[in-house]
Amino acid sequence: MIAPIILVILLLHNVVESSKFTIPEATINDIQAAFNQNKLTSKHLVKFYIQRIRKLNPIYRALIEVNPDAFHLAEIADQQRKNKDPISRFGLHGIPVLVKDNIATKDKLNTTAGSYALLNSVVPRDAGVVNKLRESGAIILGKASMSEWARFRSSSAPGGWNARAKQAVNPYVATLKPCGSSTGSAISVAMNMVTVSLGTETDGSILCPSSFNSVVGIKPTVGLTSRAGVIPVSPRQDTVGPMCRTVADAVYVLDAIVGFDTNDPAATRKASKYIPKGGYLKHLKLGGLKGKRLGIMRTYPYFGFGNDTETLNKFKKHFDILRQNGAILIENLEIINFNRIISMINGEDIAVSAEFKLALNAYLKNLVSSPVRSLSDVIAFNKKYADLVSKDHTLTS
């Protein structure tokens, strides 16, 4: 009888072990299930992430600041869950979120776009997307690092560098660039320093770091998410979107932040009519790839695989997985007028540079208090404090 008893004990042990909840790589669904089963509290979750940040951030430079009120916010979320408060039914309730350092938070955190020039400035209110996160019960854990001024500090600055946090590091291959400008938003979720994060994009600043750091980024249509309270580059192109470990998590965040905002009325009113009734989450379904046509670019410069057969071969197994799940892959996708499209990039740079000056000046003038009130003030600050704000004492404008 001893052998069967030992077998039963081993089986029970395996069941217990398999039911244990672990935070690394946990999705929003996993975390909410753990909340509901009393296996986890928001305070414990915040404690775990802050411990990870203390251990890893000196290496990877993914965060600029941690919210000193994070534990207090977690305690509030735990009490709301205990009281069965209606807000506790939201998917993001009690979930820690990092926001990029150009997204305003009206709390003890700074909003600086990685620049010392804006340190201790005071924003008038939460950014529109932050307000929606708070309404969903999310916990603002801190500010993610970024390319300073969304890489409008200098064309020679490396992606992911800013004066306050210095150079962010790719968590998979430290010698490769992490891309920007939403660098810390990508690295922090890749390294399990937070559940989900927000990034911003004018041209590639969500998609590129998501790709380079192996996370999921969604660049929403301009106006689908509010830009109010976001340090701007171009009002024509700026947008805010989720950066997460899974598609499902990214959709949870997207559902929370889309919609009309009185502080960005023209763009958000126009885009809000395209938000599906009931949100995006219900459109996540098994078999969703069936019949979808996906193009593969192989020969174009700047895009696709070009002549890089080594990388292409590594992707082939992923192409096979897409096909097995019903996707139709279009080989050697042809882009009409590709060269004309590429030639427009220089024109975009000229237009966005002009828009940046106008938009930034308007943002700075709207701050409650600030050491700088114009782009000229920022440039003068960088020249005055060159040793503080420069990488190798070269970036001064």
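Ala, Val, Leu, Ile, Met, Phe, Trp, Tyr, Cys and Pro count as nonpolar, Asp, Glu, Lys and Arg as charged, and the others, Gly among them, as polar. Keep that in mind as we walk through this predicted model, in which local features need pLDDT of at least 70 and side-chain atom pairs count only at pLDDT 80 or more, while totals for chains, interfaces and linings use all residues. Residues are numbered from 1 along each chain as its sequence is written, and side-chain values use heavy atoms, leaving out hydrogens and water.

Let's begin with the sheet. Strands of a sheet pair through backbone hydrogen bonds, either parallel or antiparallel. Here, six strands make an open sheet with mixed pairing, in the order E1-E3-E2-E6-E8-E7. (Strands, labelled E, are DSSP runs of at least two residues, and helices, labelled H or I, are runs of at least four; both are numbered from the N terminus. Two strands pair if DSSP finds at least two bridges between them.) At the edges are E1 and strand E7 (216–217), each pairing on one side only.

Now look at E3. Strand E1 (residues 63–66) runs antiparallel to E3, joined to it by three bridges, and Leu63 stands opposite Ala144 in E3. Strand E2 (residues 96–100) pairs with E3 in the parallel sense over five bridges, with Leu98 opposite Gly142. E3 is mostly covered, as six of its six residues are buried, where buried means under 20% relative accessible area, exposed means over 50%, and partly exposed lies in between (1.4 Å probe, protein chains only). Elsewhere in the sheet, E7 and strand E8 (residues 239–244) run antiparallel and are joined by two bridges; Gly217 stands opposite Met243 in E8.

Next come the aromatic rings. The whole structure holds five aromatic pairs, meaning rings of Phe, Tyr and Trp (its six-membered ring) whose centres lie within 6.5 Å; planes under 30 degrees apart count as stacked, over 60 as edge-to-face and the rest as tilted. Why does the pair of Phe152 and Phe356 count as tilted? The planes of these rings are at 45°, with the centres 4.9 Å apart, so the pair is tilted. This pair links distant parts of the chain: Phe152 is in the loop between strand E3 (139–144) and strand E4 (161–162), while Phe356 is in helix H12 (residues 345–365), 204 residues apart. Phe152 is partly exposed, with a relative accessible area of 30%, whereas Phe356 is buried at 6%.

Tyr300 and Phe338 make another tilted pair, with ring centres 4.5 Å apart and planes at 45°. Both Tyr300 and Phe338 are buried.

The search finds two cavities of 30 Å³ or more. On a 1 Å grid over the protein atoms alone, a cavity is a set of points where a 1.4 Å probe fits but cannot get out, and lining residues have an atom within 4 Å of a point. Grid points are joined across faces, edges and corners, and a volume is the space filled by probe spheres set on the points.

The largest cavity holds about 70 Å³ of space. Its lining has 13 residues, with Asn102, Thr200, Glu201, Thr202 and Asp238 nearest the centre. The second largest cavity has a volume of about 30 Å³. Phe152 returns here, among the lining residues that also include Ser147, Arg151 and Trp161. This lining divides into four nonpolar, two polar and three charged residues.

Conventions
On a 1 Å grid over the protein atoms alone, a cavity is a set of points where a 1.4 Å probe fits but cannot get out, and a pocket is an open set with protein on both sides within 12 Å along at least five of seven lines; lining residues have an atom within 4 Å of a point.
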